[in-house]
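Take a slow walk through this model with the viewer open. Begin at one residue, then widen the view.

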Amino acid sequence: MSNNRSSRYKDKIFQGMGITATFSCILILAIFLGFIIYQGIERLSWDFMVSLPSRFADQSGIYTAWIGTLWVLVLTTVISFPIGVGAGIYLEEYGKKNKLSTFLEINIANLAGVPSIIYGLLGLEVFVRLAKMGNSILAGSLTLSLLILPIIIVSTREALRAVPKTIKDASFAMGASKWQTIWKQVLPASFGGILTGVILAISRAVGETAPLIVVGALAYVPFAPTGPFDEFTVLPIQIFNWVSRPQHEFVINAAAAIIVLLSITFVMNGIAVYLRNRWQKKVSW
Amino acid sequence: MKLKEKIIEKLLAACALLTILTTIGIILILLVEAIGFFQEVSIVDFLTDTQWTPLFSQKSYGILPLLSGTFLTTFIAIAVALPVGLTIAIYLNEYAPKRFKMVLKPLLEVLAVVPTVVYGFFALMIVTPFLKNFIPELSGFNALSPGIVMGIMIIPFVSSLSEDALSSVPNSLRQASFGMGSTKFQTAFRVMVPAASSGIIVSAILAISRAIGETMIVAIAAGHQPRLTLDPTIPIETITAYIVQVSMGDVPYGTLAYKTIFAAGITLFVFTFILNNISYWIRTKYQEKYE
């Protein structure tokens, strides 16, 4: 390849393009977030957090929405955490290299790519109709659990894979059984990584809107839910509802609710990143 | 002791098998409800009729307008995400100083964790008014603005997948290229990108699949008017947005209108299923192996 002046030019031009592209993205993100804060921060108050939804924008609050989100968050965690980690352990530690495990792998990769709204249709038929749970928090949480299972399984497997084989061999050599080795050695060593994956998956579930709309989470719920069989709404749906209204006051409400939703998402992701870094530092064989 | 081990293994296996049940469940419910739909609407009408008006008194069940809406927003999103995402991936991998990259990557990832309903807000409240400055005839609801915002959302997805592919190319190839006197640009485009091409193609296919299935951005900012058009300035409706629209209303269980969301759903599922499998196939078949 000849290295004349023009190819050096191209080099510089592309470097410029790269910097521009990267910083444009970050700039756009900053503009978006700045706009949200500018629009919504004044509306954010204690009253806004503890008020029920109302026809009047200035009296409306997000109490039912964030209580609903909290319920969904807890239930989804309780359901998806053991199942996802269990499946991950099975595939990584027990699964033999046979047709079934290849099929499971393709299937999970596939599920991870299924649009979230399709999970909503599944939840609507299976949980809401067949299991007769109605438009309840439980039906919504089960739907979201299925949605995030592939994410948890994949991240669990990655975390387990990072545990050196020598640790397992040493445990086996001491006479430990397979499960004892997994429970006493492999899981403690990989727990940080597993937890990181679970938190990231749950934070995704908290931001999901479409599947919950399909399973019948409501735009307007007069009272905060008190149990898993109550009807409910969540923050993203409340935001969607307010954004869809023409009056500017409701848009302000939406912006304020977005600040709350983004705070939850960012805090969860922050915790996940912190755990990942801490865990990477601590475990070194 | 032996028994306990066996029980635990079975329990864990059950967790793993749940994923297969999920897939079967999805395919089954989509098929059953869609078959119910096609008993009342001919599949030829479904595929060829140019009107989609199941909720009006004058009913038509042609999926084409929803497909064109989905195609349009997906095309715009990919036209934004692919070039920008790839440029960023190549820049971060070949040009950016290491410390710089360590700061920039997490910042870009933030774009990927923002919930989609928030992107919908951005599209409707910021991007559409902004675009109106340049395109005065742009409607308040349109395909252009949600398409662009969807593209921005997918950028970190494309850039991080492509970057993974680029960084798995062994350094010796890069060094050999530099040794021949190539510039970084030549190395990137004549050595690194071709060597990582299968991974980059996979990232593009998965990005398309994401864009097709994306719901809230288009439900908020694209309007709810199914139209067979490729004009990005007027209101349209995608398959996903239609499902949301029906779910928001009170459509009774078992009616034809109820079944339309499954007919729309199975169409959506078929597209993403094919794309996901192609990407999986490419990944396993064409994964470049270096020693």
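Is A:Lys132 buried or exposed? A:Lys132 is exposed, because 9 other C-beta atoms lie within 10 Å. The cut-offs are these: a residue is buried if 20 or more other C-beta atoms lie within 10 Å of its own, exposed if 12 or fewer, and partly exposed in between, with C-beta atoms placed from the backbone. This is a predicted model, where local features need pLDDT of at least 70 and side-chain atom pairs count only at pLDDT 80 or more, while totals for chains, interfaces and linings use all residues. Residues are numbered from 1 along each chain as its sequence is written, and chains are lettered from A and ligands numbered from 1 in the order in which they are written.

Stay with A:Lys132. Its place is the loop between helix 5 (116-130) and helix 6 (137-161) of chain A. Helices (H or I, at least four residues) and strands (E, at least two) are DSSP runs, numbered from the N terminus. A:Lys132 is not a glycine, yet its phi is positive, at about 55 degrees.

Now move along chain A to another loop. A:Arg245 sits between helix 10 (235-243) and helix 11 (248-282) of chain A. A:Arg245 counts as partly exposed, because it has 13 C-beta neighbours inside 10 Å. From A:Arg245 to A:Ile28 is 217 residues in sequence. In space, the two are 25 Å apart, C-alpha to C-alpha.

Step back to see chain A whole. Chain A has eleven helices and zero strands. Its C-alpha trace spans about 70 × 70 × 35 Å along the principal axes. Of the 285 residues in chain A, 47% are buried. Take the contacts in chain A with a separation of 6 or more: 76% of them are between residues 24 or more positions apart. Two residues are in contact if their C-beta atoms, placed from the backbone, lie within 7 Å.

Next comes the meeting of the two chains. Chain A brings 68 residues to the contact, and chain B brings 72 residues. On the side of chain A that touches chain B, helix 1 (residues 5-40) of chain A gives the most, with 17 residues. That side of chain A has 45 nonpolar, 17 polar and six charged residues. The classes work like this: Ala, Val, Leu, Ile, Met, Phe, Trp, Tyr, Cys and Pro count as nonpolar, Asp, Glu, Lys and Arg as charged, and the others, Gly among them, as polar.

Chain B has twelve helices and zero strands. Its C-alpha trace spans about 70 × 70 × 30 Å along the principal axes. Buried residues are 49% of the 291 residues in chain B. Among contacts in chain B between residues at least 6 apart in sequence, 72% join residues at least 24 apart.

Chain B is split into domain 1 (2-40) and domain 2 (64-285). Such bounds come from an automatic or database domain assignment. The C-alpha centres of these two domains of chain B lie 30 Å apart. Where they touch, six residues of domain 1 of chain B meet eight residues of domain 2 of chain B. The domain 1 side of that contact in chain B has three nonpolar, one polar and two charged residues.

Finish with helix packing in chain B. Two packed helices are described by the angle between their axes and the distance between the axes. How do helix 4 (residues 98-113) and helix 6 (residues 144-167) of chain B cross, and at what angle? Their axes come within 8 Å and cross at roughly 130 degrees. Axes are lines fitted to C-alpha atoms, for helices over the stretch in contact, and angles run from 0 to 180 degrees between N-to-C directions. Helix 4 and helix 6 of chain B are therefore oblique to each other. Angles under 35 degrees count as roughly parallel, over 145 as roughly antiparallel, 65 to 115 as roughly perpendicular and the rest as oblique. Residues of this contact include B:Leu108 and B:Glu109 of helix 4 of chain B and B:Ile152 and B:Phe157 of helix 6 of chain B. By class, the contact has eight nonpolar, one polar and one charged.

Helix 5 (residues 116-132) of chain B also packs on helix 6 of chain B, at about 125 degrees with the axes 9 Å apart. Helix 5 and helix 6 of chain B are therefore oblique to each other. Among the contact residues are B:Tyr119 and B:Phe122 of helix 5 of chain B, and B:Met153 of helix 6 of chain B. This contact has ten nonpolar, two polar and no charged residues.
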